[in-house]
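Please open the structure in your viewer and keep the selection tool at hand. The stops below say what to select and what to look for.

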Amino acid sequence: MSAKLPAVCLSGADYSAVELSDDDASVILLDQRLLPLEELYVELRGPAEMVRAIREMWVRGAPAIGIAAAYGVVLAARMAESSAEFDTMVEAIGEARPTAVNLRWAVERMKRVAKAAHGLGRHERVALLAAEARQLHRQDVAANRTMGALGAQYLPDGASVLTHCNAGALATGGYGTALGVIRAAVEAGKRLRVFADETRPWLQGARLTAWELARDGFDVTVISDNCAASLFGQGRLGLAIVGADRIALNGDVANKVGTYGVACLARLHDRPFYVAAPLSTLDRSTPSGDAITIEQREPAEVLEFAGRRMAPVGVAAINPSFDVTPARLVSGLFTEAGVALPVTPESVGRLLGSLD
């Protein structure tokens, strides 16, 4: 169902990955599967629709998924006829995708508010949850702007920057993580050229990163994933910066598959490889990357392109959505609480200590 954004978006821009309607009755979500050809906003009115939207990547990017999940809990509170039904709906939202830790983090935060509001009437409970979800959204945008300002100091004027996947406004509440660092550097007067890996098989770099950077007036060039090596070798890339879906206590980073390869190339060519992510992406329950569950998606995403079969019938495909980059390959981690440089269990622990 086509919809319009609220008059004022919490993203701080005239486009947004996800917003809650002014009356708290629906979630307005940008269907990112259709970009860059069509900018279509859809209206979700129930938690089951939200689960589908997350699984089918109408909304994607760890922080944006977390915000969408929080808004989904608001819809569950509106629809549920009992505490048991609410719990079932919320659990389904929390299990929609397995790797991005922000999803479960946001759901658990909303559950705590729901528990505190247990004795209230439906209207008051929904209003309280909606206020919490909007606060979560605002905090994400503020965190992005803070980490952007911190990380921008490490991007030299005139640099050519490689990105992988999309870690911008479309993947967050607004502004972006990796792209937020780029935005902040440009806002500070630095001249940057961005090279966006196309990022197979969903082409988040070619479709989404290029869309939002071009829309916002940045110098952006799309390259195929297998072009990055030669550009590093030719000295045409000065550094790489990406976002993250989960960061382990030892600093290992789970991000869109192909990130590990970018980190290896950066190390081989003695170029910095940075990660930008909010503290909500750091997972206290994950000691190392070995403990991160990697989502395995449908082989058709690799075997087909735009609905057309590209590989012989009967041929199998492996389609992990993420890979893990060891902390030793990460030059620095930018968060709203500060910078971890180098990335070690101790420096990650200091960042997490800011939450205690």
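**Before starting**

This is a predicted model, in which local features need pLDDT of at least 70, side-chain atom pairs count only at pLDDT 80 or more, and totals for chains, interfaces and linings use all residues. Residues are numbered from 1 along each chain as its sequence is written, and side-chain values use heavy atoms, with hydrogens and water left out.

**Stop 1: E19**

Select E19, which sits in strand β1, residues 18-20. Helices (H or I, at least four residues) and strands (E, at least two) are DSSP runs, numbered from the N terminus. E19 is buried and has no salt bridge. Buried means under 20% relative accessible area, exposed over 50%, and partly exposed in between (1.4 Å probe, protein chains only). A salt bridge is a side-chain nitrogen of Lys or Arg within 4 Å of a carboxyl oxygen of Asp or Glu.

How far away is the nearest side chain of opposite charge? That side chain belongs to R134, and the distance is 6.8 Å. For charge, Lys and Arg count as positive and Asp and Glu as negative, while His and the chain ends are not counted.

Now show the atoms around E19. Its side chain reaches the backbone nitrogen of S11 at 3.2 Å, and a polar contact of 2.7 Å joins the side chains of E19 and S16. A polar contact is a pair of N or O atoms within 3.5 Å; within protein, one must be able to donate a hydrogen and the other to accept it, and residues adjacent in sequence count only if both atoms are side-chain atoms. Leaving aside neighbours within four places in sequence, the residues in contact with E19 include L5, P6, V27, Y71 and H137. Contact means heavy atoms within 4.5 Å.

**Stop 2**

**Stop 3: helix α1**

Select residues 47-55, helix α1, where P47, M50, V51, A53 and I54 are buried. These residues cover an arc of only 165° around the axis, which puts them on the same side of α1. The arc is that of the directions from the helix axis to the C-beta atoms. Among the elements covering the buried residues of α1 are β2 (27-30), β3 (41-44) and α2 (62-79). Just after α1, M57 takes a positive phi of about 65°.

**Stop 4: E56 and R33**

Next, select E56 and R33, whose side chains meet in a salt bridge (3.8 Å, N to O). E56 is partly exposed, with a relative accessible area of 30%, and R33 is partly exposed at 34%.

**Stop 5: helix α4**

Move to α4, residues 101-116. This helix has 16 residues and reaches 23 Å from its first C-alpha to its last, close to the 22 Å expected at 1.5 Å a residue. The expected span is 1.5 Å times one less than the number of residues. The buried residues of α4 include V101, L103, R109 and M110. Which elements do the buried residues of α4 pack against? They pack against α1, α2, α3, α5 and β8 (246-247).

**Stop 6: E212 and R183**

Select E212 and R183, a salt bridge with its closest N and O atoms 2.5 Å apart. E212 is in helix α7 (residues 204-215) and R183 in helix α6 (residues 178-187), 29 residues apart. E212 is buried, with a relative accessible area of 0%, and R183 is buried at 7%.

**Stop 7: backbone spots**

Finish with the backbone. The peptide bond from L35 to P36 is cis, with omega near 5°, and P36 is in the loop between β2 and β3. The bond from R200 to P201 is also cis, with omega near 0°.

In the loop between β4 (160-163) and α6, select C165. C165 has a positive phi of about 65° although it is not a glycine. Y175 is found in the loop between β4 and α6, with a positive phi near 80°.
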